[in-house]
Amino acid sequence: MVASLDHAREALRATFGFDDFRGRQAKVIERTLAGHSSLAVMPTGAGKSLTYQLPATMLQGCCIVISPLIALMHDQLRSARANGIRAATLTSADADWRETQDAYRAGELDLLYVAPERASQPAFRDFLASSPIALFAVDEAHCVSEWGHDFRPDYRMLRPLMDAFPEVPRLALTATADRQTRGDVLAQLGIPEDGLVLAGFDRPNIRYAIRHRDNPVRQIANLMAERPGPGIVYAQTRRKVEDLADKLARETGRKVLPYHAGLDPETRAANQAAFVASEDMVIVATVAFGMGIDKPDVRFVAHVGVPKSIEAYYQETGRAGRDGDPSAATMYWGAGDFATARSRLAEVDEDRRSAERARLDALAGLVETPQCRRAVLLRHFGEDPPETCGNCDNCLDAPAVTEVTELARKLLSAVYRTGQSFGMGHLQKVLTGTEDDRVRQRGHDRLSVYGIVEGEEARLLQPLGRALQARGDLVPTEHGGLALGGSAREILKGEREVAIVVPPKRQRRGRRGSDE
Ligand code: ADP
Ligand code: ZN
């Protein structure tokens, strides 16, 4: 009997008690039951596990699930068994491996979870060959790609293992895969290109906004007033978490607690529990916070500083509005965030560096775009969204794009002529011809670039400096100065045009304050 989708729906009701499939689950399951290999890219919570667990109960033989974390496997095991699925794990943490092996050989298992390290052991291949295999499911499949953010060399051994069983379909699963990672996963795991199934990354109730950070306490206090209810503020260091939590509590009179790995475990657990139970509390946290927390009524997620990648941004902002009610995701960025991230590239292994740089470039593209944020985000995940969404800052209040090629050349030549070792403040003084002791002492008032920027143009120097740093055309030096990088030389030679996004006036008039 060839199992069809109708049978699958019956099995879904009988085994899981669900009425119907969600999103692209049906498509993935249909392919799997027909013996085709697929890569399913679905956001967290979309129900990926079901796409292999259900076929596992229907197909002849056992489904081998490769999963990178023992804790994750044991969670899955519990929930599979709760649904009456015959499941086991084979990991270094399991004392019952002998029973598990016997059960597998006897054909008494629907699901067998294993760690990728097993894949490289020849004995494991022989063991698998001792009983029919229904399906190979590769969880967190982005780990196979060096483009992915979580490369695991062991995942590379999966291909030869699966190739030893060529008739067995493969199902790779991940929540995070940009175009490059996706292509790589398909190639590495031997899945045909038409096997890619992408699903619904859009979160229509989240309003995306990305602003320049000029006074984070004031900016977040405003956001808290606009979005009463629970909120998460992500900051980058423990010190910043503590500091922001303190100042926000004082500024707003609301309950604001910190969360980071440096707090003692009791305080951390207490703060997390207080947040989960609360209807109006704000938690300021490092990215350590949020994994495994299920709080549906988070009304906003704010980033003070840029996240690690678009994937990380999507995952972190995705903690807002799980109940479907209107929510906000607002990022407050500064040029220094990109400068720091780019200077860290030097410490990254050479073979990972270009992937890391591409990740930063993609993030800078999202931060700097004058287009719909949601469209940029969804396109990054391979979807084909409408041009505008009507629910992001750029759609609601279109920013102006200004051509500033000439100004960019002036700024970059000032960087060059002052010896590539001064920061934006000094460069601005030189360019606008400001009377200043330090400028005079260095003889910078005698340079040809002294005083060549005036009026309206001077106002654009700051946003231009930010944009060039975000793009990597200006890079930080060890001592806090700026040097030429990226395409700076092409811009100087007039081979490249430069345009920047100028935020709408309303936002620009905001109070000036420090960057931190
Ligand atoms: P993912 O692995 O994609 O993050 P999970 O597999 O953990 O997601 O599933 C998320 C939740 O959705 C689980 O509680 C699961 O039981 C539930 N779920 C999955 N499929 C369905 C469905 N068709 N109908 C209702 N609930 C579902
Ligand atoms: Zn939009």
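Helix H13, residues 335–344, packs against helix H21, residues 461–471, at an angle of about 25 degrees, and the two axes are 8 Å apart. This is a predicted model, so everything I say is computed from it. Angles under 35 degrees count as roughly parallel, and H13 and H21 are therefore roughly parallel to each other. Their crossing is left-handed.

Now the residues at that contact. From H13 we have Ala 335, Phe 338 and Ala 339; they meet Gly 465, Arg 466, Gln 469 and Ala 470 of H21. Sorted by class, that makes four nonpolar residues, two polar and one charged.

Next, the cores. The largest nonpolar core has 83 residues. Those touching the most other members are Val 233, Ile 283, Val 284, Ala 302, Ala 408, Leu 411 and Leu 464. Helix H17, residues 405–417, gives the most to this core, namely six residues. Another core, of 56 residues, lies apart from it and includes Leu 112, Ala 134, Leu 161 and Leu 171.

What does Val 284 contact, leaving aside its neighbours within four places in sequence? The partners are Val 233, Ala 235, Val 241, Leu 244, Ala 245, Leu 248, Val 256 and Pro 258.

Last, helix H12, residues 310–317. H12 is mostly covered, with six of its eight residues buried. Those are Ile 310, Glu 311, Tyr 313, Tyr 314, Glu 316 and Thr 317. The cover over them includes strands S8 (206–212), S9 (231–234), S12 (300–304) and S13 (327–333). Helices H14 (350–368) and H15 (373–380) are also among the elements covering the buried residues of H12.

Note on methods
Residues numbered from 1 in each chain as written. Chains lettered and ligands numbered in written order. Predicted model: local features only at pLDDT ≥ 70, side-chain atom pairs only at ≥ 80, totals over all residues. Core = buried A, V, L, I, M, F, W, Y, C linked by C-beta atoms within 7 Å. Buried ≥ 20, exposed ≤ 12 C-beta atoms within 10 Å, placed from the backbone. Helix = DSSP H or I, 4+ residues; strand = E, 2+ residues; numbered from the N terminus. Contact = placed C-beta atoms within 7 Å. Axes fitted to C-alpha atoms, helices over the stretch in contact; angles between N-to-C directions. Parallel < 35°, antiparallel > 145°, perpendicular 65-115°, else oblique. Left-handed = near helix turned anticlockwise from the far one by under 90°. Nonpolar A, V, L, I, M, F, W, Y, C, P; charged D, E, K, R; others polar.
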